[in-house]
Amino acid sequence: LAQTFQVCSLEFESFAAHQRYAYPSWTFVAALLPNTSISKNMQGASEGASSFGRFPGSVRQLKGELTMRGIDFSHCRERSELEELWKTSSSAQVSGLQDESFAVLREGGRQCWVEFVDEGDALCHWEDGSDAMLPAADLLPLGTSASALQGAPRICEGGFEAARSHAFASSMLLVVALDANSSSTDKGAAALKATALQSLALASEELNALLNENSIFWRGGCSDLREPQWQQLAPQGAPCIAMVLPLAADAMKVLSVTEGSGCSVQALVEVFVAALEALQSHQEAAQARLVCEEALLRQEQDAEFQEALAMDRSRAEAEDRAKEVEAEERSNKMASEPNTSAESDLVNDATPKDAVKRTSQVAQEMEEDAQARAAKIRRLAADFLAAVPTPPTDGISARLVLRLPSGERVERTFGGEECLSRVRAWAACCPELPEARERVLHVPLNFDLAMAFPNRKLLADDDTKTLAELGLTPSAALFLIVRED
C-alpha cells in the first residue's frame, strides 16, 4: 500500500497541473502518513497547483464566471481548458484596470471607484464614503465613464428648463446633479474625484429606488445652465447635487445643495427625505390656499348672482308697469278720440312696420358696437404681445390666475419686476390671447382687479408698483370685477 501511495504521490503534481483530481482526497492520504515522503510530495504538489492558478470553485461556477465575462467555452472538454481561459481573461482584465476608473468586485458585484493601482493592489472608494486596498485581480474594470455603472437613476431627456417644467407638471421633486467634467469653471483632480464619488453614490440601489419613484432626475454641467440658475444650484461650484422644489413651470426654490465631496449614500438619503417633506408641506399649503380662494370666489359669485337676480326682477317689474301705463293711456286716447275704420287699419298696419324697423336699427347698432369693441380688443392684444416685458431677476416670477365674472379662468406667468399696469392690460385683452384657448370670453368695458388673498381691491395707484411689491409672487389669484360706475 505504501509503495502504491508513493507511486501515486510522484504523479500527483502532474495530475494537479491538469486538475483531474480533487485536492481533499490527496490531502486525506497525506494526513494518514505525515512523516513520509508522500506528505512532502503532497505539499509540493499543492504549491505547484496553486502556481498554475486553480479556480477556487466547481466547474459550474467556473462556467458561470466565463459566461459573465462573455467568453465562449463551447470548445472546451476538460476543466484545465476552462481554467486556462479563465486565467487568460483574468490577466487581461487585471491589466485593463486603470487609475481613476470604475470597477466591480468579482464576488458580490459591489461597485467602486479605483483611485490608483500600485503593484497589483488598488485603492477602492465605495458608495458609503469608505475606502480600502484590494488586490486588482479581485476587480472587474468598468471603464472611466460613469455611464458604465449599473443602477444609475433615469435621466430626464432635454435641458434643465424641460426637466423643471416636467417636475412641476408631475408635482414631483427635481434632483439636479452637476458634474465637474462638464463645467467650465471647476477642473482638477479633486473635482473629478468628487464627481466620480457622486456618480457612485447615485448608482447605489437604495438611492436609485428613491430617486426613480419620487423625483425627476436631471444631470449636466454648469455650462448647460444660465448664470442665474447655476448660481442658485451650485453656489460653491460643481460637482454637487441640488434638491429643487418647482414652484411653477419657470420658477423654483432650491431646498439644499450637497457638494460632491460629501455625496455619500447616507447623506443624500437624508437630504432627499427632508426635501420630500418640504414638497409635501408646500403641496398641502397650496391646496389649503386654493380651497380658501375657491371659497371666496364662490361667496363673491353668489353675491353677484343675487344682486343680478334682484336687478333683473326690478327691471322686469318696471317694464311691466310701463306696459300697463302705456296700455291704459292708449285706451284712454282711443276712447276720447275715436278714429274711423280706415284710419284704424292704417295705424294698425303702420305700427308693426315701425316696430320692426326700429328693432332692425337697434340690432344693427349693437352689431356695429360689438365689431368695434372686438377690433379694439385685438389692437390691445397686439400691443400687449409686442411690448417687451421686464426680464425677471433672481428667478422671481408671478403665476397669476384671473377669474372672470362668468367664472372662467385664464392663467399667465409674469416677471416679478413687472408692473401691475401690464397685468391690467393683459386682463383687458385676454379674450384674444393664446391663453383663451379658443374660448369665448367676455370682459366688461370698465372693470377693477382685486386680490383673492388677502381680499382687497387693486387701485389705479397700484399700477406703478411691481408684482413683487404687491405680494403677487410666486403665485396669486385675481378677480375681475365689473366697475359699479
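**View 1. Buried residues of helix α7.** The residues of α7 that count as buried (under 20% relative accessible area, with exposed over 50% and partly exposed in between, for a 1.4 Å probe and protein chains only) are Ala191, Ala194, Thr195, Ala196, Leu197, Gln198, Ser199, Leu200, Ala201 and Leu202. Ten of the 14 residues of α7 are buried, so the rest of the structure largely encloses this helix. Helices (H or I, at least four residues) and strands (E, at least two) are DSSP runs, numbered from the N terminus.

The model is predicted: local features need pLDDT of at least 70, side-chain atom pairs count only at pLDDT 80 or more, and totals for chains, interfaces and linings use all residues. Residues are numbered from 1 along each chain as its sequence is written, and side-chain values use heavy atoms, with hydrogens and water left out.

**View 2. Arg79 and Glu83 in helix α5.** A salt bridge (a side-chain nitrogen of Lys or Arg within 4 Å of a carboxyl oxygen of Asp or Glu) joins the side chains of Arg79 and Glu83, with an N to O distance of 2.9 Å. The two residues are four apart in α5 (residues 79-96), which separates them by about one helical turn. An α-helix has 3.6 residues a turn, so residues three or four places apart point the same way. Both partners are buried: Arg79 has a relative accessible area of 14%, and Glu83 has 2%.

View 3. Asp448 pairs with Lys457 in a salt bridge at 4.0 Å, N to O. Asp448 is buried at 14% relative accessibility, whereas Lys457 is partly exposed at 42%. In the salt bridge between Asp462 and Lys465, the closest N and O atoms are 3.4 Å apart. Asp462 is buried at 7%, and Lys465 is partly exposed at 36%. The whole structure holds 15 salt bridges.

View 4. A disulfide is taken as a pair of cysteine sulfur atoms within 2.5 Å, and the whole structure has zero disulfides. Cys430 is buried, with a relative accessible area of 0%. Cys156 is also buried, at 16%.
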